[in-house]
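I open this notebook to record what I looked up in one structure.

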Amino acid sequence: MRAAIIYSSKTGNTKEVIQLLWRLFLKKQVQAECFRIEEFPIEDLNDYDAVVIGTYTWGNGEIPREMRAIYHAFETRNVKELVTGVVGTGDTCYPQFCGAVNKFRDMLFVQTNLAVTLKIELAPQIEDYTRCQKFVELILNRVKKQQYH
């Protein structure tokens, strides 16, 4: 199985979650590649069995500017069979807590085979480790299920 983990991080919180997810994928013997959004070749999107999007939320629940191209790529390419997951960090003091995760979730649900979403308050805590393990398991199970069909 081959997975791409594509992320953007402003404060380092999202990057911390992404690094945790990446290590968990590697423990499961998944060929996982981690990319900052600026490094990911969008034309390679269909070369993966699974894609994980990691994003922070900007402004009033918005997708960060640098994530718009990948968002648009999911909307315009034939990626219906691609297993996806989205994770993000945010602060519950804002009315649109992890709003970018919600926007990605809604679009990925329609355009891809969305397996899981995860929102984390600020930086990951001890209890988030178990939630991240579950995130990885759900991605892997969805890919396996899809490969059997």
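I count a residue as buried when its relative accessible area is under 20%, and as exposed when that area is over 50%. I note at the outset that the model is predicted.

Entry 1, cysteines. I looked up Cys132 and found a relative accessibility of 0%, so Cys132 counts as buried. Cys93, in contrast, is exposed, with a relative accessible area of 59%.

I located Thr112 in the loop between helix H3 (99-111) and strand S5 (113-121). Is Thr112 buried or exposed? Its relative accessibility is 4%, so I recorded Thr112 as buried. The side chains of Thr112 and Thr84 are joined by a polar contact of 2.6 Å. Leaving aside residues up to four places away in sequence, Thr112 touches Phe74, Val79, Lys80 and Leu82 as well as Thr84.

I looked up how helix H1 (residues 13-27) packs with helix H4 (residues 126-148): the angle is about 55° and the axes are 10 Å apart. H1 is therefore oblique to H4. The crossing of H1 past H4 is right-handed. On the H1 side, the residues that meet H4 include Val17, Leu20 and Phe25. On the H4 side, I noted Cys132 among the residues that meet H1, the cysteine recorded as buried in the first entry.

Note on methods: Residues are numbered from 1 along each chain as its sequence is written. This is a predicted model: local features need pLDDT of at least 70, side-chain atom pairs count only at pLDDT 80 or more; totals for chains, interfaces and linings use all residues. Side-chain values use heavy atoms; hydrogens and water are left out. Buried means under 20% relative accessible area, exposed over 50%, partly exposed in between (1.4 Å probe, protein chains only). Helices (H or I, at least four residues) and strands (E, at least two) are DSSP runs, numbered from the N terminus. A polar contact is a pair of N or O atoms within 3.5 Å; within protein, one must be able to donate a hydrogen and the other to accept it, and residues adjacent in sequence count only if both atoms are side-chain atoms. Contact means heavy atoms within 4.5 Å. Axes are lines fitted to C-alpha atoms, for helices over the stretch in contact, and angles run from 0 to 180 degrees between N-to-C directions. Angles under 35 degrees count as roughly parallel, over 145 as roughly antiparallel, 65 to 115 as roughly perpendicular and the rest as oblique. A crossing is left-handed if the near helix is turned anticlockwise from the far one by less than a right angle, and right-handed if clockwise.
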